[in-house]
Amino acid sequence: MDLKVWKRSIFLAKDIYVLTANFPNEERFGLTSQLGRASVSIAEGAERRSVKDLKRFLDISYRSLCELENQLCLSNLSKLIGKEKFQSLEIEINEIQKMSYALMNSIKTEK
């Protein structure tokens with residue numbers, strides 16, 4: 001898929017995986033797992049066959065971005081990531097949210 005939003009989502013997911021590799025082992029089944037699942041679900045759905053499916057997965061992606069932002073905020077408050085890293089990821093999340101929302105609104109749902 002050649003969508004810019006998909007490409008940015010893939011790089012965001014990679015950044016999250018690199019970031020969480022440094023999280024403590026006790027977070028492996030907590031924040032590390034949640035952040036990984038949320039970041040991957042953001043990039044899913046780009047290869048859907050129907051417009052209706054694509055729109056549905058864009059909606060899921062948008063909600064996963066919100067979840068990811070909350071988890072990163074908790075990671076920052078828990079001192080697992082620094083303020084600067086949190087802010088840079090938050091900016092990227094907000095940009096991908098805007099792109100996803102615009103794409104969702106531009107797609108005409110099949111009847």
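Mentor: Ser-100 counts as buried, with a relative accessibility of 1%. Keep in mind that this is a predicted model.

Trainee: Which helix is Ser-100 found in?

Mentor: Helix α4, which covers residues 83-106.

Trainee: And what does Ser-100 touch, leaving out residues up to four places away in sequence?

Mentor: Val-5, Ser-61, Tyr-62 and Leu-65.

Trainee: Switching to rings, how many aromatic pairs are there?

Mentor: The count is 1 aromatic pair. Tyr-62 and Tyr-101 form it, with 6.1 Å centre to centre and 45° between the planes, a tilted arrangement.

Trainee: Which parts does that pair tie together?

Mentor: Tyr-62 is in helix α3 (residues 51-77) and Tyr-101 is in helix α4, so the pair links parts 39 residues apart in sequence.

Trainee: Now the overall fold. How many helices and strands are in the protein chain?

Mentor: The chain has 4 helices and 0 strands. Its radius of gyration is 15 Å, close to the 13 Å that the globule rule gives for 111 residues, so the chain is as compact as a globular protein of that length.

Trainee: What share of the residues is buried?

Mentor: Buried residues are 38% of the 111.

Trainee: And the charges?

Mentor: There are 18 positive and 15 negative charges, and their mean positions lie 5 Å apart.

Methods. Residues numbered from 1 in each chain as written. Predicted model: local features only at pLDDT ≥ 70, side-chain atom pairs only at ≥ 80, totals over all residues. Heavy atoms only, no water. Helix = DSSP H or I, 4+ residues; strand = E, 2+ residues; numbered from the N terminus. Buried < 20%, exposed > 50% of the residue type's maximum accessible area, 1.4 Å probe, protein only. Contact = heavy atoms within 4.5 Å. Phe/Tyr/Trp six-rings, centres within 6.5 Å; stacked < 30°, edge-to-face > 60°. Rg over C-alpha atoms; globule rule 2.2 N^0.38 Å. Lys, Arg positive; Asp, Glu negative; His and termini not counted. Charge placed at Lys NZ, Arg CZ, Asp CG, Glu CD.
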